[in-house]
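This report goes through a predicted model.

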Amino acid sequence: MNTELFGIIASFVLMLVIGIPLGKYLAKMFAGEKVWTDFLKPLENGIYKLSGINPNEPMNWKQFLKAMMCINLLWLVYGFFVLMQQDKLPLNPDGNPGMTADLAFNTIISFVVNCNLQHYSGESGASYLIQHFIFMFLHFVSAATGIACAVGLFKAFRDKTTTDLGNFWAYFLRSITRLLLPLSIVVALILTFNGTPSSYAGKDQFISLQGDTVHVSRGPAAQMIAIKHLGTNGGGWFGANSAHPLENPNYLTNITEIVSQMIIPIAMVLCFGYFIRRKKLGWVIFGVMMIGALLLLIPSISSETGGNTAIAKMGIAQPTGAMEGKEVRFGPTATAYWSTFTTIVSTGSVNGMHDSTMPLTGLWQLLGMMINGFFGGCGVGVLNYFIYLIIAVFISGLMVGRTPEFLGHKVEAREVKIAALITLLSPFLIMAGTAIAAFVFTNHGNADWAVKPSAWLNNPSFHGFSEMLYEMTSSNANNGSGFEGLGDNNIFWNVSTGIVMILGRFLPIIGPVAVAGLLAQKKHIPESAGTLKTDTVTFGLMTFAVILVLNALSYFPALALGPIAEFFSMPK
Amino acid sequence: MKSNIIKSIRITLVLTVILCVIYPVAISLAGKLSKGRGDGETIVVNGKVVGYANIGQSFTQPKYFWGRPSAVAYNAAGSAGSNKGPSNPDYLKDVASRIDTLLKYHQYLKRSDIPAEMVTASGSGLDPDISPAAAQIQIKRIADNRGLTVAQVTDLVAKHTEAPLLGLLGPAKVNVLKLNVALDELKK
């Protein structure tokens, strides 16, 4: 056993040690039971008062979603204009220019939907004002939006029959005051005391040991990096994201960052079980997700630590694994570990460049984002998984010849239609998007855009195709990582991924919440011997099979053209 | 709808004050107590800042330990990896030429002595570290160049090798800038 392996085992254990109790806490807190953070109530009441919100007002699923959409639209409009005007606003010590309209369109959607695709580069593309007042602000509120919607869905199944999903504003605000903000303070302090800058000083300049003049970008980064992970956002301060030595200075910060992006997604799954008083359901879902995660994780680690066969052929030693795009202080094992979790939970931050990972690692990264339901982003992961659950209930119902039921509510045509449409949405957006991109690349290579389509790709052949497929997949999954070699700051990618991101965010939130709202209104059927039990291991395996079959059928052809073909083209 | 809009605007304003002013300023103030006062930790030689502890810099002269290849030439105003795919033929040519350069300056080396990180670009382009093995292969060159004994330089490398976290988590590493500063001081 080597120290790199111990490092990720420690990260894994720490993630469970924090994530599991956090799930219980969240269930109690959102249910309004007594918890130790109740001392924050006066603060929350003050905010409700200033905002004119009555946190006890019940909402049905339509009112709930309207409130959610309304505030998200406000952020989209307000952010779009601020991004374009950043050069005229204060707190811009490095004199960064305003964004073009298409870049601002892409960027604001990207941050509102918790994707953080980042077609700009942090050091030269965003002022401190933008980084804090737009990006960091949206890091908090987009995560809180996802969590609030998931809790609304939980509430639908807590009571036998109800139209009340609870109050969107109350869930939203408490996600921030009781969860995201306190944890961010802790993580930001750990980061800043380990060398991540947190002051408002601008770029620095010095003469290096060899006599070169060097500029160094800095700024209040620790504050943003904390919430970028806790909120599964992933949009970093610096261009190189968490591979940057100021954004992630040492192995301790690496553990802190990878653990902090996992704890809320894990907690939300268990929170579901505790909140609806069906602890076992939460644990079965947790089990399915964890098996899925490990099935992606283990081959990724083995493929990265195996090294690049083409470089091995040159006679070079790769004692720890493939090193292109990786940092020495983390090593290939921790980078492979990070790349799996960041793609399954939709964070999309990176501590090494995904574009340079081995073909099969790229395959697992893509698949993690395509499935997008193994833990998944803050709140939205559970919502995505809920759709898989409904499909699994429906198929199981067909197999045994009964009307399908979920937690005592009949699942009928309307709910199944919504679930099926949401399931089809991802393959449609990813495939259609990639197909159009590939078409433009081959047939309109000289289009007069900021980056000519013929110059989009940083790598030829199969890997080039993977770059386009990855970008669309990441946008749809609201992940935000990239095969960053892609020249994506031009009108085609800014507009196309903008549209994919916004559809890939809001429809998979609206769909599950609507299904939950519709189910909760129905008469509750008491459990009997003939009831399909959804909290058993058997049903867990059934759901897992549904997830595998749906995704394999949807994506295998595209994956075969990209990473799989590249794998077979490498020397053995 | 109208009431939703008004609530949205008001809560956005209130949260902006908390999340974008109070929270970051408080962290920034706490950061003043950290080693680099929240500005990033610098390394000072004779009263002059010669670099940032965590930011790698370009070393090309034979008298210094070299760091890793960088896609941004260690210009820390930005940051990026090469984003070259593992099967890219142009990229593999670059790697081959880096190997040749290394072998030219270290004629005592076999190919299998060269650790991968010395011929591959880092993720940030600013990687401050190399592995102990990568420092080891350069010792003889440095000693010859500076008129030091191999034992002296080996000692220095050992002193600057940072163990894994708590002795057992993550890789061991050597900070190239700190090692080179110590090397310059050794000469005096």
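Helix H12 of chain A covers residues 331–344. Its 14 residues should span 20 Å at 1.5 Å a residue, and the end C-alpha atoms lie 21 Å apart, which agrees. Because 14 of the 14 residues of H12(A) are buried, this helix is largely enclosed by the rest of the structure. Just after H12(A), A:Ser346 has a positive phi of about 65°.

Of the 16 residues of H16(A), 15 are buried, so H16(A) is largely enclosed by the rest of the structure.

## Fold and extent of chain B

Chain B contains 6 helices and 5 strands. Read from the N terminus, its elements follow the order α-β-β-α-β-α-α-α-β-β-α. Among contacts in chain B between residues at least 6 apart in sequence, 55% join residues at least 24 apart. Buried residues make up 45% of the 188 in chain B.

The radius of gyration of chain B is 22 Å, whereas a compact globule of 188 residues would have one near 16 Å. Along the principal axes, the C-alpha atoms of this chain fill a box of roughly 75 × 45 × 35 Å. Chain B is divided into domain 1 (1–38) and domain 2 (40–187). The centres of these two domains, taken over C-alpha atoms, are separated by 40 Å.

## Where chain B meets chain A

The contact between the chains involves 87 residues of chain B and 98 residues of chain A. On the chain B side, the elements giving two or more residues are helix H1 (2–31), strand S2 (48–52), helix H2 (89–105), strand S3 (129–130) and helix H6 (176–187). H1(B) gives the most to this side, with 20 residues. By type, the chain B side divides into 41 nonpolar, 34 polar and 12 charged residues.

B:Leu19 lies in helix H1 of chain B. Is B:Leu19 buried or exposed? There are 24 other C-beta atoms within 10 Å of B:Leu19, and a residue counts as buried at 20 or more, so B:Leu19 is buried. Leaving out residues up to four places away in sequence, B:Leu19 touches A:Met136, A:Phe137 and A:Phe140. B:Leu19 and B:Lys2 are 17 residues apart in sequence, and their C-alpha atoms are 25 Å apart in space.

## Nonpolar cores

The largest nonpolar core has 187 residues, and those with the most contacts inside it are A:Leu180, A:Val269 and A:Ile390. Helix H6 of chain A (residues 128–158) gives the most to this core, with 20 residues. Domain 1 (1–38) and domain 2 (40–187) of chain B each supply at least three residues to this core. A second, separate core has 38 residues, including A:Val214, A:Met358, B:Ile55 and B:Leu183.

Which residues are in contact with A:Val269, leaving aside its neighbours within four places in sequence? They are A:Gly23, A:Gly282, A:Ile285, A:Phe286, A:Met289, A:Phe375 and A:Val382.

Methods. Residues are numbered from 1 along each chain as its sequence is written. Chains are lettered from A and ligands numbered from 1 in the order in which they are written. This is a predicted model: local features need pLDDT of at least 70, side-chain atom pairs count only at pLDDT 80 or more; totals for chains, interfaces and linings use all residues. Helices (H or I, at least four residues) and strands (E, at least two) are DSSP runs, numbered from the N terminus. The radius of gyration is taken over C-alpha atoms; the globule rule is 2.2 Å times the number of residues to the power 0.38. A residue is buried if 20 or more other C-beta atoms lie within 10 Å of its own, exposed if 12 or fewer, and partly exposed in between; C-beta atoms are placed from the backbone. Two residues are in contact if their C-beta atoms, placed from the backbone, lie within 7 Å. A nonpolar core is a set of buried Ala, Val, Leu, Ile, Met, Phe, Trp, Tyr and Cys residues joined through C-beta atoms within 7 Å. Domain bounds come from an automatic or database domain assignment. Ala, Val, Leu, Ile, Met, Phe, Trp, Tyr, Cys and Pro count as nonpolar, Asp, Glu, Lys and Arg as charged, and the others, Gly among them, as polar. The expected span of a helix is 1.5 Å times one less than its number of residues.
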